[in-house]
Amino acid sequence: MSFVKPTFRHPTSTKNKAGFYKADYEGRISTLCAGCGHDSINASIVAACFEMNIEPHKVVKLSGIGCSSKAPAYYLNNSHGFNTVHGRMPSVATGANMANKDLIYLGVSGDGDSASIGIGQFVHVNRRNLNMVYIMMNNGCYGLTKGQDSATADIGSLSKGGSLNEFSPIDMVSLALEMGATFVARSFSGDKTQLVPLIKAAMAHPGFAFIDVISPCVTFNNNKGSTKAYDYVRDHIEVTSEFDFVPIKEEIAVDYPAGTQKSVTLHDGSQILLNKLNPDWNPTDRRSAMEKVQQARANGEILTGLLYIDAKTKDLHSMLETSDTPLNQLDAGVLCPGQSVLDEINTAHR
Amino acid sequence: MSEKIRVNDMVVRFANVNGTGSSSANEVFSKAVFRMGIPVSPKNIFPSNIQGLPTWYEVRISGQGYLGRRDGIDILVGVNPESMRNDIASVRQGGYFVYDSTRRLHDDMIREDIHMIGIPMMQLSIDNYEIPRLQQLFKNIIYIGALAVLIDLDLDVVKSIISEQFEKKPKLIPPNFKALDLGANWVRENLDYPLDVRLEHSTATGDKIMMDGNAATGLGAVYGGATVLAWYPITPSTSVAKSFETFAKKYRKDPHTGKNNFAIIQAEDELAAFGMAMGANWNGARGFTATSGAGISLMNEFIGLAYFAEVPMVVVDVQRGGPSTGMPTRTQQSDILPCAYASHGDTKHVLLIPANPTECFEFTALAFDLADQLQTVVFLMSDLDLGMNIHMTDPLTWDNNRQYNRGKVLNQEELEAVEDYGRFKDVDGDGIGYRVIPGTHPSKGAILSRGTSHDPYGRYTEDGVVHAGEIDRLIRKFNTAKGLVPRPEYYQEENRSNEAIIFYGTTTYAALEVMDILTNDGQPIDALRLKAFPFQEEVKSFIDSHSTVYVIEQNRDAQCRSLLILELGIDPAKIKSILNYDGMPITADAILRQLNRYHPGTNSSANTVDNHQKSHAL
């Protein structure tokens, strides 16, 4: 185990279009367990931000409490972040977003943080279609308190100690679809080729983007019989589509076969390209996505990929009709009506 | 039963059924008294209910300008059969009970020692209006008209207020005028008038305005530069959010695009409301929330985070009767300790305590500056009486040259110039570090804010020495606050008495009246009004310079007294309590009674507001 992160940069590494090296998007050295799925997600976040040419300080990192919520320390060192309290990240993200609509809000949470203590705020941030990326690192257990079952643990899943979960799981993807999320995806921490473009697309999406990432807990929930173990997930994964995200003004390089290809254009002109592996499902139709998810659950499959997107969505700022200038940049000259208005108000109250 | 005529000195109480439109009629009455130039102080005593339960509207009219409640009801307008027996009993000897005689009053309701004035209010209404709902509404206006003649309330003034009220629905003006005249004429034709208690035009109101504290608080937030309000409905703070919204929609639209220079979110609960407002502050906007005691309890976790992560935050607490759900529609000052020390671990918070709507406006605007300067949570400690009743108060003023004090915030250039930036480094010795707003600089100044222990650079630490150092710095910061929060108010140039009273918030109204009564009795007492926590050293000096100090407050546990003892190291033996916690605003009588109890042997009958029978309706 290393304690210091090398500052060495590979001689062939290049800057991105924003003028940053990939190392500029990295964080402090991770203190998560070796082999933790969360570290793979962190690496995907770094890759996605680098490839998206986002200036690091234009990203705001947010989290709640738990192993997953420690993660913002391990990526984007040059981005401000707020490691809030347990289950309350969505509200802080909402307020931060209201203050400055020009930044990118990237929240990470865990299944304990989101599906139990924070389920109220999770539900409502979906409803409000807050423009943010919400990644739930889903390992089915409370890692930081040594492996208690979480609310996403499947019925019949065995804990490391050998106890069987008998409580019905909360499927956060189904919940997000029900609650009005406008971008819903599921992925696997071990599948970076899928996860990186998903995160990029989620950042480009102008509304609430939820990604449930199955991320095995190597220490407390990677045993035989656990449905969140690496082996189990690999055996039951069902990928919905090949997937690519093409930023604005980039040439489309992938070429999927006609008939299965589906492209979604986002508000800024960027495109999501899907090669659907299932002809019955339409990822731009909420009901179709919900049916597909239910079907997969019934079959015991872990459905991954972009499951639903509404690219023409209105986010919370649009609904509240907030000013084009971020609210945190308005000064007293704009905000304060002054004495003359008070004179009118005084008169009206006599 | 004749007695001398009393002019511009009375308590009128209306007993109604809630949901019948009575409160707007009663408010017309109060405004008309005020418009005649007579100081007036109405209290809406309402149930936690929408329709059908008893509700009272009590109006103190005082030419001398006393705005606290007073014991002894001179006139009771009773139109609620359910509460009538108690209402009749609550009238002072020689007072007046005005009732609807459409139905005959039962014999055993008659009191011989008061005047019983029956007016066929409902019959007049039924004879003149067809729709039952209108009959109910106009009955209220009919009794206003009748009462106006009885006490010489200027009917033209009442009419001008009604005209203003229905400016946008002018069709409603003539039927309202008609109802007023129905009541007025019936009295003129059937009764002797005016009564021995009556009104005369005055100029005692000067340039004052009548406003409720919550309206002023919402307006203060607009003037203070708040752009994000997140809130959750709870009586009695809901109208703070409503006021902010109303004023913001009027004065905060971008003139070019018509878009909003504000964002208001009705949150899913008080926790989320705090989180949102704090998130906005963290990201450089000015955010706030408004709530009451129950909401404060829920927000405790976040309050600790804002304290320890040092995020500016403004919380308006319109206090109501506790504990638990308590008396949601009654007033108290019972959140002083819970707010001063809110959240687990070692925490202390800044409190601003307004005593009138003008201070609600000023202190709310100030709270945003203080929160930014101190990078911490600032509570505005209002209460239901202040927030939801209209009060006669000084006109609102604003210095057009005033700029917002955003505290220590570094921009990109300033940050470049700092050699070794650390978010929590105490470079100025006042306990306050320099903030960098997210998005300021591409490679400098970013930190991960957290509720976990951190070093002066904001990095996670489990080093006990570093942790203790940061906790100590927060106390240095709290001491800095003493020099920034409003100083106490003194009511004498130098000490005149061995004993003194200390009070705060809405207790001020009754305390001021007590001071006058004692002065008139030749026993003036020194007084100090607290406007903020932390307490300044001068508060300790004031207490030290008196033999006994009485802290007057509206809670059971003498919360502010405890806070004074704890924070200033006062000997508990020399600091005594005068309390009121029945949910009704404290009266001068209640203060004097308790003060006298501390002085056995003194003539207690000399100093009371008057010798009338004590009100016991509630």
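Student: Why are H5(B) and H6(B) called roughly antiparallel to each other?

Tutor: In this predicted model, helix H5 (residues 155-165) of chain B and helix H6 (residues 173-190) of chain B pack at an angle of about 155°, with their axes 10 Å apart. Angles over 145 degrees count as roughly antiparallel, and H5(B) and H6(B) are therefore roughly antiparallel to each other. Residues are numbered from 1 along each chain as its sequence is written, and chains are lettered from A in the order in which they are written.

Student: Which residues of H5(B) and H6(B) make the contact?

Tutor: On H5(B) they are B:Leu155, B:Val158, B:Lys159, B:Ile162 and B:Ser163, and on H6(B) they are B:Ile173, B:Asn176, B:Phe177, B:Leu180 and B:Ala184, where two residues are in contact if their C-beta atoms, placed from the backbone, lie within 7 Å. The residues of this contact divide into 7 nonpolar, 2 polar and 1 charged.

Student: What is the secondary structure of chain A, and why is chain A called as compact as a globular protein of its length?

Tutor: Chain A comes to 12 helices and 13 strands. Its radius of gyration, 21 Å, is close to the 20 Å that the globule rule gives for 350 residues, so chain A is as compact as a globular protein of that length; the radius is taken over C-alpha atoms, and the rule is 2.2 Å times the number of residues to the power 0.38.

Student: What percentage of the residues of chain A count as buried?

Tutor: Of the 350 residues of chain A, 54% count as buried, that is, 20 or more other C-beta atoms lie within 10 Å of the residue's own.

Key
Predicted model: local features only at pLDDT ≥ 70, side-chain atom pairs only at ≥ 80, totals over all residues. Axes fitted to C-alpha atoms, helices over the stretch in contact; angles between N-to-C directions. Helix = DSSP H or I, 4+ residues; strand = E, 2+ residues; numbered from the N terminus. Parallel < 35°, antiparallel > 145°, perpendicular 65-115°, else oblique. Nonpolar A, V, L, I, M, F, W, Y, C, P; charged D, E, K, R; others polar. Buried ≥ 20, exposed ≤ 12 C-beta atoms within 10 Å, placed from the backbone.
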